[in-house]
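Biologist: Please take me through one part of this predicted model, close up. Which strands sit side by side, and what lies across them?

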Amino acid sequence: MPIPCSTEACTSAATIKRSKDGSAVCATCFTRRFEEDVHETISATNLFKRGEKVAIGASGGKDSTVLAYVMKVLNARHDYGLELILLSIDEGIKGYRDDSLKSVERNKIEYELPLTILSYKDLYGWSMDEIVARIGKKNNCTFCGVFRRQALDRGAYKLGATKLVTGHNADDIAETVLMNLLRGDVARLQRCTNICTGDDGGSLPRAKPLKYTFEKDIVMYARVNKLEYFYTECIYAPNSYRNFARDYIKKLERVRPRAILDIIYSGESIAVRKEVALPVLGRCSRCGYISSQKLCKACLLIEGLNTNQLDLGIKRKVTTETKTGCGKDKTGSSCGCSNEDKVQSIDF
Amino acid sequence: MPTSLTLEFSGGSEFLVGNQKEHKVSLPIDQPTVSQLIQWIKKEILTDHNRDDLFVMDDSVRPGVLVLVNECDWELLERNETILKDGDVVTFISTLHGG
């Protein structure tokens, strides 16, 4: 017995249960409500200003493909007056990006948006394949994530964008809240649910218009609107910490979908006690990128690769390491040699 | 009486069934449930048994795999207990594969 679409005056049969609110809707109403939910998020937070040049971080995957499409639709429908451009990063994983970049190329043509591709090799001197060959598969996701984050910011800045938008969805943000909680990273816990970060001057603001949009709804939206996207299991992913959080969130979602929005709500509402010391954001002394340390995370990781100190920037505990220590003191405390150029390493 | 079904795998789930998106199959069960279909898939057409758990978990699909029966979200039907009829199209979309 078909269930009717819950939209008033719609006579179609429902074919989708929206994760967002559990309502039963037909494909047409699903699409409309999906888009208007994103519009509501954008307008309620005054996310964009008229005339802004907005770079869309595009991986060719489902989230960024749907984001690019919805941004294009809403920019036209609600006359945001934005200049939209696509920005892709090539990590240099053989066989991984080749096909996904083809998918981004298709977005470029179908959505008529200009596209720029930047590579890790260009930006950092190392491709992901070269990094994995050097360090193995244990911490490679740390490198990939840190490098990708900066690459998008730098690329967007280079293209003269005033804002960067990424396809992070509600599931992603719930995972991040959980991960920051599990790691005791209160600074990130406090800001990871913000719809826009870096808008306090100094760096390029980055925004997440899909922050309240469920992954299931994104996949359904792509299906009913026949948006083709690229997918693969990242060949280096099985060891990543995020997968454990992801698994847990997915299991919670099956029992109670709202759990995802509630985790985000917890993240949004949390306030860190004032006696808790938070890192003060400054600038990296080497590249000028925003950083709480003397060297930003990416520069620290590159330093480790170039000098063969492969745990630099990776160690879990807050430690003080001499940059080119004499090696006499294995505890990592000052060895008393003349090199006083110390680098603090905190896991991100 | 056996039941003829068209199975569609996408979103990355096709990698687990010989990288083939569409499978026309005949189940030796009269009016099977989705749960019975999933067990049958696990036994008969999942080719990569090291990664079975990317598709099946307990008596259902792994959370994060979406199921449609004749283009209708199984969450609007009876999920695992949905009864399948001859000629039905069942779609599995993985959301677990990255982009």
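Modeller: Start with one bridge. B:Glu8 has B:Glu22, in β2 of chain B, as its bridge partner. A second bridge in β2(B) links B:Leu5 with B:Val25. Strand β1 of chain B, residues 3–10, pairs with β2(B) over 6 bridges, and the sense is antiparallel. Strands here are DSSP runs of E with at least two residues, helices are runs of H or I with at least four, and both are numbered from the N terminus. Two strands count as paired if DSSP finds at least two bridges between them.

A word on the model. It is predicted, so local features need pLDDT of at least 70 and side-chain atom pairs count only at pLDDT 80 or more, while totals for chains, interfaces and linings use all residues. Residues are numbered from 1 along each chain as its sequence is written, chains are lettered from A and ligands numbered from 1 in the order written, and side-chain values use heavy atoms, without hydrogens and water.

Now go to β7 of chain B. Strand β1(B) is joined to β7(B) by 5 bridges, and these two run parallel. One pair to find is B:Leu7 with B:Val90, its bridge partner in β7(B).

Step back to the whole sheet. It is open, has 5 strands in chain B, and its order is β2-β1-β7-β5-β6. The pairing is mixed. At the edges are β2 (22–27) and β6 (72–73) of chain B, each pairing on one side only.

How enclosed is β1(B)? Of its 8 residues, 6 are buried, so the strand is largely enclosed by the rest of the structure. Buried means under 20% relative accessible area, exposed means over 50%, and partly exposed is in between, with a 1.4 Å probe and protein chains only.

Next, look for helices lying across the strands. Helix α1 of chain B, residues 34–44, lies across β1, β2, β5 and β7 of chain B. Helix α1(B) runs at about 70 degrees to β1(B). Another helix comes from chain A. Helix α9 of chain A, residues 215–224, lies across β1, β5 (65–69), β6 and β7 (89–94) of chain B. Helix α9(A) runs at about 45 degrees to β5(B). Contact means heavy atoms within 4.5 Å. The axes are lines fitted to C-alpha atoms, for helices over the stretch in contact, and angles run from 0 to 180 degrees between N-to-C directions.
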